Amino acid sequence: MVKLDLVKPGMVLSKPAVHASSGREILAAGRVIEDKDIRTLKSWGIHEVSIEGGDAGRYASPGNVIPIETPAVTDRMGQAFRFADLTHPLMAELHRLAQQRYAEYLLQRSAGSDR
Amino acid sequence: MNKPTLQHLIRAVVTVASLPTIYLRLDEAIREDAPHREVAAIISDDVGLASRLLRIANSPFYGFPSKIDTITRAVTIIGTRQLAQLVLAMSMVKMIDEKLKGKFDLELFWKHSITCAAAARLLASYRRESNIEKYFVAGLLHDIGRVVMMMVIPDWGTRIFDEAMESQRPLYDVEQELLGYDHAKIGGELLREWRLPPALVESTIYHHRPRFAKEYPVDAALVHVAEVISNCLQISEGGHGFVPALYSEAWDQLELPLSIIAPLFEQLRVQRDESVRLIFPDRMHAA
């Protein structure tokens, strides 16, 4: 089980998220989590869910969300993906993940240089 | 500069470097279905190797709850075939390191190779392949042809690298143009010369052009996709360069749902770092 704080959009439920006391299924297994799902789960008082890919979620770090529309992110990623066909679903997904990760990288780097 | 032939390159390597005896002995024992204690005895002949294998058996990769402190136990838990792959991986790393120390930026090479290896291993595990370490090795060695170039024809290797950087073209394109063959071909032919499994030979030769693989198209497709993913990760961690173009059929051939990619991308960071720690306990910092 992965704590809700560590669940990020894009992760996939390996088991349905069930409201314990009513037994009601809130989200089905196989669902790709979106931001609104995290809010839904919170509103039902569900604090942890099963995530596909074993314990990957355990490693996901909580923290600030960095807007991926920042030019520093879009410029570098646009350049790095210039030969990629972003209409291909795999490349679109990798582009999205790389943008997120690069935004985190920039944040960590700037936090590092503040020290 | 005279244009070196592919045969010249392969010959130059096999005269100075051969597959480690321990791997050959192990491979033979496994083919003959030798009992685990016999396999363990071969490994125990190399104290360094034995201790590294124990570290791997006790790592999160195998996630075994109690401590594994004998090689015989490790053999049982990892399985002989997967173990042979780990031995191959570790001995190749050692050999390449020894042959190339100081001649080439090995740190960058290993970082990319290990990232690709970890990505290939993850893709294989999502495909529920029985021997996922086989794919780790395929990812680890996919660029071994670059090492051969830097070992035998370093001037060409550097010239090609500079030209690729300047013209913003993929290395294999520039290699093909200047040499008439690329590092994927060099690597695959070397592995063939060493009589390594045909699937490994094909996945190395065709890792940029998986559609041309004849016997093992899925292996080649898997290494190709692993390389694309590992480039995405490395770039998103501040790495240079660009993401190579994907052969879209390669992704279809893996028959994996898109939903695995986000968790895989997270796992890849962790497993790559763990692999680096296991392979280079005292040396490299991940990422």
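A residue is called buried at under 20% relative accessible area, exposed at over 50%, and partly exposed in between, with a 1.4 Å probe and protein chains only. By that rule Asp35(A), with a relative accessible area of 49%, is partly exposed. The structure is a predicted model, in which local features need pLDDT of at least 70 and side-chain atom pairs count only at pLDDT 80 or more, while totals for chains, interfaces and linings use all residues. Residues are numbered from 1 along each chain as its sequence is written, chains are lettered from A and ligands numbered from 1 in the order in which they are written, and side-chain values use heavy atoms, with hydrogens and water left out.

Chain B has 16 helices and zero strands; here helices (H or I, at least four residues) and strands (E, at least two) are DSSP runs, numbered from the N terminus. The C-alpha trace of chain B spans about 55 × 45 × 40 Å along its principal axes. For 287 residues, a compact globule would have a radius of gyration near 19 Å, and the 18 Å of chain B agrees with this. That radius is taken over C-alpha atoms, and the globule rule is 2.2 Å times the number of residues to the power 0.38. Of the 287 residues of chain B, 57% count as buried. Among contacts in chain B with a separation of 6 or more, 65% come from residues 24 or more positions apart, a contact being heavy atoms within 4.5 Å.

One buried residue of chain B is His183(B), which has a relative accessible area of 3%. His183(B) lies in helix α12 (residues 183-193) of chain B. Leaving aside residues up to four places away in sequence, His183(B) touches Asp143(B), Gly145(B), Arg146(B), Met149(B), Leu171(B), Tyr172(B), Glu175(B), His207(B) and His208(B).

The two chains can now be taken together. Their contact involves 30 residues from chain A and 30 residues from chain B. Between them the chains bury about 2600 Å², 69% of it on carbon and sulfur atoms; buried area is the accessible area (1.4 Å probe) that two parts lose on being put together, summed over both. Four residue pairs across this interface are in polar contact, both residues being at pLDDT 80 or more. A polar contact is a pair of N or O atoms within 3.5 Å; within protein, one must be able to donate a hydrogen and the other to accept it, and residues adjacent in sequence count only if both atoms are side-chain atoms.

On the side of chain B that touches chain A, α14 (217-236), α15 (248-254) and α16 (261-279) each supply at least two residues. Helix α16(B) gives the most to this side, with eight residues. Sorted by class, the side of chain B that touches chain A has 18 nonpolar, nine polar and three charged residues. In this sorting Ala, Val, Leu, Ile, Met, Phe, Trp, Tyr, Cys and Pro count as nonpolar, Asp, Glu, Lys and Arg as charged, and the others, Gly among them, as polar.

Helix α14 of chain B includes Ser236(B), which counts as buried at 0% relative accessibility. Not counting residues up to four places away in sequence, Ser236(B) touches Met77(A), Ala98(A), Arg101(A), Tyr102(A), Tyr105(A) and Phe265(B).

Charged side chains complete the picture. Side chains of opposite charge can pair when their charged atoms come close. Across the interface of chain B and chain A the rule finds one. Glu104(A) pairs there with Arg269(B), their closest N and O atoms being 3.9 Å apart. Glu104(A) also forms a salt bridge with Arg101(A), at 3.4 Å between the closest N and O atoms. Both Arg101(A) and Glu104(A) are buried, and they lie three residues apart in helix α4 (residues 89-114) of chain A, about one turn of the helix. A network of salt bridges links Lys8(A), Arg101(A), Glu104(A), Glu266(B) and Arg269(B).

Within chain B, Arg272(B) and Asp273(B) meet in a salt bridge (2.7 Å, N to O), and Arg272(B) counts as buried at 1% relative accessibility. Another salt bridge joins Glu274(B) and Arg277(B) (3.2 Å, N to O). These two residues are separated by about one helical turn because they are three residues apart in helix α16 of chain B. Glu274(B) is buried, with a relative accessible area of 17%, whereas Arg277(B) counts as partly exposed at 45% relative accessibility.

Terms used
A salt bridge is a side-chain nitrogen of Lys or Arg within 4 Å of a carboxyl oxygen of Asp or Glu.
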